[in-house]
Amino acid sequence: MTEDLVLQQLRRGGVCTLTLHRPHRKNAINIDLWIALRDALDAIAHDPTVRAVVLTGAGGAFCSGADVVDSDPYAAPFVKLQAISEVAQRLHDLPVPTVAKVRGVAVGAGWNLALGCDLVVATPDAVFSQVFARRGLSLDCGGSWLLPKLVGVQQAKRLALLAETIDAAEALDLGLLTWIRSDEEIDDFVDDVAQRLAAGPPVAVAQTKALLNEGVDHTMREALAGESRAQAINFATADVPEAYAAFAQKREAAFTGDWNVRRPEA
């Protein structure tokens, strides 16, 4: 794994923190870092000890987008764009909940990385831009799919075509942030949110995340069918009887995601 990506596994409650670590470039992502981030997300997807992920940047910035300095503009763009697309898809498909913790700039592909997370927390001084048009480019890293679903087509066109820079307050008003917290509060706040997510029933959380992601493109009939399949899976885990027992005993449930299916007798 490249030294530009710090992967920190927190033992307390199964929260994994991914920190983009190129502070000298405001965490602009070069091809090596795209590949490292893709590989890290692959590893997390297959690690049952990880129950939530925090994505953040080092040095007071989240991410200034794809690195346009540390790259060859005449090299075939397909390799880099494939890596960018693979990261966006893996982040979207990750079965565990994700939280973006944003300080400073989140622009271009960097902003779309944050939007690809399930929840986004930013400091008041954070700034955001779909900067692509100013670079002679169109949206990538999932922005063309994410923006219209989050803010509607008209506002998405405004943000993308004008490439305006907006502050955290406007991003919150548009529904592009979940919370704003001060620089002094954000670390503890995100830690608390991540721990609460990690303490949830992992199978049910994964099912709910998938249902919500799919639901934006589904009919009501398709959504209801998906819900029925998901609930059948949930009832096959030990978390449902544990939740019922915890409710009856007035205590917090201890969710494991273990299966509770009897083996057939020989």
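Tutor: Helices (H or I, at least four residues) and strands (E, at least two) are DSSP runs, numbered from the N terminus. The model is predicted: local features need pLDDT of at least 70, side-chain atom pairs count only at pLDDT 80 or more, and totals for chains, interfaces and linings use all residues. Residues are numbered from 1 along each chain as its sequence is written, and side-chain values use heavy atoms, with hydrogens and water left out.

Student: In which strand is the place of Ser-129?

Tutor: The strand in question covers residues 127–129. Ser-129 belongs to strand S7.

Student: Does Ser-129 count as buried or exposed?

Tutor: Buried means under 20% relative accessible area, exposed over 50%, and partly exposed in between (1.4 Å probe, protein chains only). Ser-129 has 1% relative accessibility, and therefore it counts as buried.

Student: Which side chain does a polar contact of 3.1 Å join to that of Ser-129?

Tutor: A polar contact is a pair of N or O atoms within 3.5 Å; within protein, one must be able to donate a hydrogen and the other to accept it, and residues adjacent in sequence count only if both atoms are side-chain atoms. At 3.1 Å, the partner of the Ser-129 side chain is that of Arg-134.

Student: Into which domains is the protein chain divided?

Tutor: Domain bounds come from an automatic or database domain assignment. The two parts have C-alpha centres 27 Å apart. Their contact (heavy atoms within 4.5 Å) takes 11 residues from domain 1 and seven residues from domain 2. The division is into domain 1 (7–199) and domain 2 (202–249).

Student: Why does the second largest pocket lie between domain 1 and domain 2?

Tutor: On a 1 Å grid over the protein atoms alone, a pocket is an open set of points where a 1.4 Å probe fits, with protein on both sides within 12 Å along at least five of seven lines; lining residues have an atom within 4 Å of a point. The second largest pocket lies between the domains because its lining has residues from both domain 1 and domain 2.

Student: Which element gives the most to the lining of the second largest pocket?

Tutor: Of its 23 lining residues, the closest to the centre include Leu-115 and Asn-213. Elements giving two or more residues are helix H2 (77–93), strand S6 (119–122), helix H4 (143–151) and helix H8 (202–215). With five residues, the most is given by H8.
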